[in-house]
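Please brief me on this protein model.

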Amino acid sequence: MARRSGFALALFLASRKVNGKVRAERRLNRGIAAGTEDPDRGTERMGMSTLNRPEGILIWMHVGSEAEALGLPDLIDRLREARDDVAILITTARHGPDELLAVRLPSDVIQQYAPYPEGPGAAEFLAHWRPDLCIWGDNRLDPVLIEATGRAGIPMFLINARVPERPGWRWLPGLRRSLLKNFQHVLAGDSRAVDGLRALGVPADRIEATGFLQEGGAPLPCSQAERDGLAEILAARPVWLAAGATRDEIAMVVEAHRLAMRRSHRLLLVILPAQCDDGPAIAAELEAAGWVVGLRSKDDEPEPAVEIFIADLPDEYGLWYRLSPVALMGGSLAGNGPGARNPYEAAALGSAVLYGPDMGLWRESYERLRDSGAARTVSDTESLARAVEYLLAPDKVAEMAAAAWEVTTSGAEATDRIVALAVEALDKRGL
């Protein structure tokens with residue numbers, strides 16, 4: 001089997017060398033023409049960079065897309081707590097929106113596009129950056145880049161691992177098996193992934209199930225005094241939250257609230273508008289429609305008579321997630337706003353997550369929470385109302401909150417484990 005898998009890899013690599021540079025240039029030009037590649041950063045796809053390598057230790061983290069990279073900020077913080085002398089390079093294989101990533105990363109983290117797997121790009125990339133360690137978080141295994149990194153003697157760790165996708169040439173047996181040998185340690189997302197990876201030849205002493213990296217980072221903060229005061233006002237009143245709701249979602253959310261109130265007339269809806277400045281206008285519209293409304297920017301409080309409370313002060317998501325057992329993630333229902341919010345914000349603070357069909361950059365995060373029982377999908381007003389009614393039962397919402405806690409805490413375990421492995425690898429290299 002070893003000879004067969006080694007032959008498959010050698011054959012694959014040989015195929016990539018044939019007119020490799022010409023093929024890479026054609027691929028880049030097609031991507032620029034189609035708008036899927038940034039013309040100002042095309043040299044990165046060829047393995048070159050306009051940026052200099054930072055002095056000292058450099059840890060390279062590779063992910064498939066910017067969305068997958070959103071699990072890295074907390075890992076970076078923890079690594080720097082353990083080793084304050086490391087610089088960080090992040091590469092992404094697939095181009096996409098990177099605004100969410102950019103605002104979460106420390107300003108000195110270097111972001112680059114990974115080189116194409118054709119031509120000399122991988123060799124150029126490694127010669128320029130000379131990373132001391134590679135943390136690979138892409139489920140697609142790039143044979144050219146992985147083989148070149150392993151041959152350079154750079155320690156590699158595979159994180160968030162599932163059974164990897166076939167990296168091309170599906171008729172070549174043993175290719176994934178050969179690539180996995182380059183990783184010193186594999187952190188799998190779950191036990192099913194462990195079984196699949198062991199079947200591909202990863203030794204038992206080099207693989208463990210740690211869960212996936214925590215994507216939400218540190219829980220959003222809030223004023224404990226504000227939280228305690230509002231909790232006293234709310235008492236045992238049932239509450240649900242529309243977090244970051246867009247103007248196009250308000251009508252659906254309010255109608256779902258009206259339907260859910262048939263079962264619980266004391267139910268309170270809290271709306272955090274996607275744009276805080278919209279709060280007064282939303283409140284006026286709802287009052288004109290006959291609702292009893294409270295407006296936080298006017299120092300109103302969610303008193304027993306209030307049916308809908310507009311929480312239109314900035315930076316209070318952490319406060320209302322803590323107070324609301326159920327949270328609909330705004331931007332996911334209407335699909336034409338700023339995009340769905342990070343569901344881990346709510347899950348990490350004890351809210352059962354509801355979300356619509358437009359998951360945006362956070363699709364994998366929503367699906368992970370759904371599969372664990374911590375999130376539930378809705379598609380329209382009626383399904384949203386049914387979901388809210390279902391979660392009015394304390395035992396049902398408690399089950400989802402417990403599942404969310406398990407997912408987020410297992411993510412912290414994965415983060416701690418990769419930090420320990422990285423520090424150990426650097427120590428062994430005398431760095």
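Strand β6 covers residues 185-188. His185 and Leu187 point one way from β6, while Val186 and Ala188 point the other way. All of these residues are buried, where buried means under 20% relative accessible area, exposed means over 50%, and partly exposed lies in between, with a 1.4 Å probe and protein chains only. Helices (H or I, at least four residues) and strands (E, at least two) are DSSP runs, numbered from the N terminus.

This is a predicted model, in which local features need pLDDT of at least 70, side-chain atom pairs count only at pLDDT 80 or more, and totals for chains, interfaces and linings use all residues. Residues are numbered from 1 along each chain as its sequence is written, and side-chain values use heavy atoms, with hydrogens and water left out.

**The sheet around β6**

- β6 belongs to an open sheet of seven strands with parallel pairing. Two strands pair if DSSP finds at least two bridges between them.
- The strand order is β3-β2-β1-β4-β5-β6-β7.
- β3 (110-113) and β7 (207-209) are the edge strands. Each has a single partner strand, so one side of each lacks a neighbour in the sheet.
- On average, neighbouring strands of this sheet are turned by 20 degrees against each other, direction ignored. Axes are lines fitted to C-alpha atoms, for helices over the stretch in contact, and angles run from 0 to 180 degrees between N-to-C directions.
- Strands of a sheet pair through backbone hydrogen bonds, either parallel or antiparallel.

**Strand partners**

- β4 (residues 133-136) and β5 (residues 156-161) pair in the parallel sense over three bridges. Trp136 stands opposite Leu158 in β5.
- β5 and β6 run parallel and are joined by three bridges. Leu158 has Val186 as its bridge partner in β6.
- β6 and β7 also run parallel, with three bridges joining them. Here Leu187 stands opposite Glu208 in β7.

**Positive phi angles**

- Most residues other than glycine have a negative phi, and most peptide bonds are trans.
- Asn160 is not a glycine, yet its phi is positive, at about 50 degrees. Asn160 lies in strand β5. It is buried, with a relative accessible area of 18%.
- Arg130 is not a glycine either, and has a positive phi of about 45 degrees. Arg130 sits in the loop between α7 (121-129) and β4. Its relative accessibility is 48%, so Arg130 counts as partly exposed.

- An α-helix has 3.6 residues a turn, so residues three or four places apart point the same way.
- In helix α13 (residues 279-288), Gly279, Ile282, Ala283 and Leu286 are buried. They cover an arc of only 100 degrees around the axis, which puts them on the same side of α13. The arc is that of the directions from the helix axis to the C-beta atoms.
- The cover over these α13 residues includes α12, β9 (268-273), β10 (293-295) and β11 (308-310).
- Gly290 follows α13 and has a positive phi near 100 degrees.
- The buried residues of helix α16 (residues 363-372) are Ser365, Tyr366, Arg368 and Leu369. Seen down the axis of α16, they fall within an arc of 160 degrees, so they line one face of the helix.
- Just after α16, Gly373 has a positive phi of about 90 degrees.

**Helices α12 and α17**

- α12 (residues 247-260) and α17 pack at an angle of about 50 degrees, with their axes 8 Å apart.
- α12 and α17 are therefore oblique to each other. Angles under 35 degrees count as roughly parallel, over 145 as roughly antiparallel, 65 to 115 as roughly perpendicular and the rest as oblique.
- Residues of α12, including Met252 and Leu259, meet residues of α17, including Leu384 and Val388. Contact means heavy atoms within 4.5 Å.

**Ser379**

- Ser379 is in the loop between β14 (375-377) and α17 (381-390).
- Leaving aside neighbours within four places in sequence, Ser379 is in contact with Leu333 and Pro357.
- The C-alpha atoms of Ser379 and Asp358 are 9.5 Å apart, and the two residues are 21 residues apart along the chain.

**The whole chain**

- The protein chain has 18 helices and 14 strands.
- Of its 431 residues, 53% count as buried.
- Among contacts between residues at least 6 apart in sequence, 71% join residues at least 24 apart.
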